[in-house]
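Colleague: I would like to learn how to read a few features of a protein model, one at a time. Could you take me through them slowly?

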Amino acid sequence: MSIFPVPNGWVRAPHGAERMWVGLALAWCLVLSAAMPYWHFRGRQTSAGEAYDVNPSDFEKRVAQFVAAGQVGDRNGLPIVEVPPGGHGYLIGKNWQWYPALKLKKGVEYKLHVSSGDYQHGFSLQPVNVNFHVLPGYDHVLTVTPTESGEFKIICNEFCGAGHHAMTGLIVVEE
Amino acid sequence: MGNFITERMRVCATTGLTVDLDAQRFIKLNAVFGVVSLLIGAIAAYLLALTRWEAVALLDPIDYYKYISLHGLNMLIFWILFMEMAILYFCASTLLNSRNFSRALGYGQFGLMLIGWATVNFSVLSGRASVMMTSYVPLKAEQEFYLGMLLFAVGALLGVINFFGGVYIARRDRTYKGSMPLVVFGALAAAIIAVFTIVHGAIALIPAWLWSLGALEKAPDPGWYRLIWWGLGHASQQINVCAHVAVWYLLATLTVGAKPINQTVCRVAFVLYIMFINLASAHHLLVDPGVGAPWKMWNTSYALYLAVMASMIHGFTVPASIEVAQRKKGIGGLFGWLTKAPWKDPGFSAMFLSLLIFGFGGGITGVTLGTHQINIIAHNTLRIPGHFHMTVAGGTALAFMGLAYYVVPLIFQREYPLRALARVQPYIFGGGIVIMAVGMTLAGSMGVPRRHPDIDFTGARIAVDMGGATPFLAMLGIGGLIAATGAVIFAALTAYAAFFGKSNKGRAMTSWQTPEQDRMTKNLLTTAWNPAEGKLKTTGTVVLTLIFLASFVVYYFANWKALADVWYVK
Ligand code: HEM
Ligand SMILES: [Cu+2]
Ligand SMILES: [Cu+2]
């Protein structure tokens, strides 16, 4: 009875079905533990958390330079900036938008620096459904290779204040 | 035996157990405010469900953020913690045949928690703290919000200290023979984890409070804050798990006379919770910057999977203890122990539904979402609330509701009204939660974000179309309305019963079961029998747990497959 004290001498090893289940549970937990390192070395998706300290206003300056150097177009007033193949792209979440829009090539690896100029944001690439956390003061470096072409949207999935629900951005991937 | 002050105790007419009247008072006070919090949370839940059901889109965003903050705080923190305080008082007194440790600590606990509760609810409702329960810096709430949270936490700490004191005097005065009951052991595990939790909460919230007061110039580092905050946020979920598993054991005993086959296994599983949970805050930070992959993998696997194993063990031992008890009563067949269980007893149905929803729903999704790389396709999508409504609402909250169906008659000594409604309430709440959570999970798999009132992204410069998720959001809405109704029915019945219910002072509570079921259960409770005796098989439980493991394996690997199809990223 779980609600009554137990007489001393209750310590004993599990038997029968219970023992089998404890063994199975342990084995399954070992599989779970092994799966992550396996995917880290053999899979193509992981979160290394690569990040550098950055002052939000310095990061804004870097974004501005990046836009000035590589703007190739504009969508509803949002500059579209081509990231040099294999090069570095900059994206800032601020004032409830992802700035600027990025242009990438399919199958090419890029370093995307993502940070925030104000609150915490959630970088959420749709409809791919790839999600990373974005913090002010952290230059979060994502090593990204698009595997499909088309237009992709970025939304924000961490609450960031009054305009959170309308915070979006754009990534265009060409063949 | 016993260490009571005579005029401050009574003997329960139903169970024959002793009840300390001080402890009884604190159980009542905490339970009442728990239920009030649940009611507030449920009213907010209607508004949230009706907003996320995009065809209705009830609230505008600013109100949505306010009510989601209100809902998260009242449900996850206030309702759950007030109930846990009540459980601690009960465990350290009645189950140990002992008195309450300190009246002063009791009032301190309840008073501080009440002041904190009122302060936070005032702050949120007046729109001064729409920062969600997580209050991630550098979002800033008005200072009284943090202060209220801190007062609430200190109150909880006093409750925990009072509990430790109670355990201590019971041992000192030898009020019981042998080792403490399993349920108390579970509560003790919860209380130990609570200490870690509250310390983390203080470390995160004190600087945030000072900053919002203006005493600190700079906000705490947001990455650091998340790490420490989740030392509170996740560890507190382990308190919930410990507490609701203890409640499962308690209700299984009261409703079917269940007896664990091997107490060592159950207790070791509780110890695993204590040992392997302190670093589990990592699985909230799996796609964060500034923490590396090895750290993420080590802390999710080491810290989490041994706790997962503990839950899987309880997921076996609880149904197995029910199965052997039912077989002892002469009920045969593979699943006769289930089909002939007292499903009309809301204490039993809430307990067993809680077990199923927590295991099959919350557990499987939780481990999968908390896998380092899989988190990339789940972080902050609606899959996350889909998961935790099956742990903390369908699991913990439902178990606590089941408990109330016994606490009110036994401790308040009053009977529930409208008993037929009470009998179906666990099904309404549990069913609604499942429908809602499945809707959330499916919408989240399509990328629909959490904490978000408007997937039309009205006013955004770049338009986004998530129309494909419409049917799943309707599911969320409808399931949510059903669940919220289940919660309101529970709160209304319980509040009525607690204050105006028919008194049963001096006699046994009116049983929720048929006389036959009742007689057989009482029989098991009052005679000595051995649950490990050879002829009491647990075949049904074995089948059930194997189905569980198979579902787990399928869901887990399906998610790896989904991950393998997305862009390469690291
Ligand atoms: C009564 C039925 C319930 C309904 C209809 C309901 C519905 C919801 C909805 C729609 C959300 C918002 C999802 C989003 O936009 O991200 C939410 C969030 C949440 N719910 Fe519930 N819920 C219920 C019960 C509960 C219970 C019993 C608990 C805990 C014990 C709970 C804990 C939470 C938490 C912690 C959040 C997250 C708040 C945040 O993101 O800060 N809910 N719920
Ligand atoms: Cu944002
Ligand atoms: Cu946001």
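Colleague: Is Ala57(B) buried, partly exposed or exposed?

Modeller: Before that, please keep in mind that this is a predicted model, in which local features need pLDDT of at least 70, side-chain atom pairs count only at pLDDT 80 or more, and totals for chains, interfaces and linings use all residues. Residues are numbered from 1 along each chain as its sequence is written, chains are lettered from A and ligands numbered from 1 in the order in which they are written, and side-chain values use heavy atoms, with hydrogens and water left out. Buried means under 20% relative accessible area, exposed means over 50%, and partly exposed is in between, with a 1.4 Å probe and protein chains only. Ala57(B), at 40% relative accessibility, is therefore partly exposed.

Colleague: Which value of phi does Ala57(B) have?

Modeller: In general, most residues other than glycine have a negative phi. Ala57(B), which is not a glycine, has a positive phi near 45°, and Ala57(B) sits in the loop between α1 (21-52) and α2 (61-92) of chain B; helices here are DSSP runs of H or I with at least four residues, strands are runs of E with at least two, and both are numbered from the N terminus. Arg174(B), also not a glycine, has a positive phi of about 45°, and its place is the loop between α4 (143-172) and α5 (182-213) of chain B. At 65% relative accessibility, Arg174(B) counts as exposed.

Colleague: Where is there a cis peptide bond in chain A?

Modeller: As a general idea, most peptide bonds are trans. The bond from Tyr99(A) to Pro100(A), however, is cis, with omega near -10°, and Pro100(A) lies in the loop between β5 (97-99) and β6 (101-105) of chain A. Another cis bond joins Gln126(A) and Pro127(A), with omega about 0°.

Colleague: How many residues of chain B are in contact with chain A?

Modeller: Contact means heavy atoms within 4.5 Å, and by that rule 109 residues of chain B are in contact with 85 residues of chain A.

Colleague: Which residues form a salt bridge?

Modeller: A salt bridge is a side-chain nitrogen of Lys or Arg within 4 Å of a carboxyl oxygen of Asp or Glu. The count between chain B and chain A is one: Glu158(A) pairs with Arg451(B), their closest N and O atoms being 2.9 Å apart.
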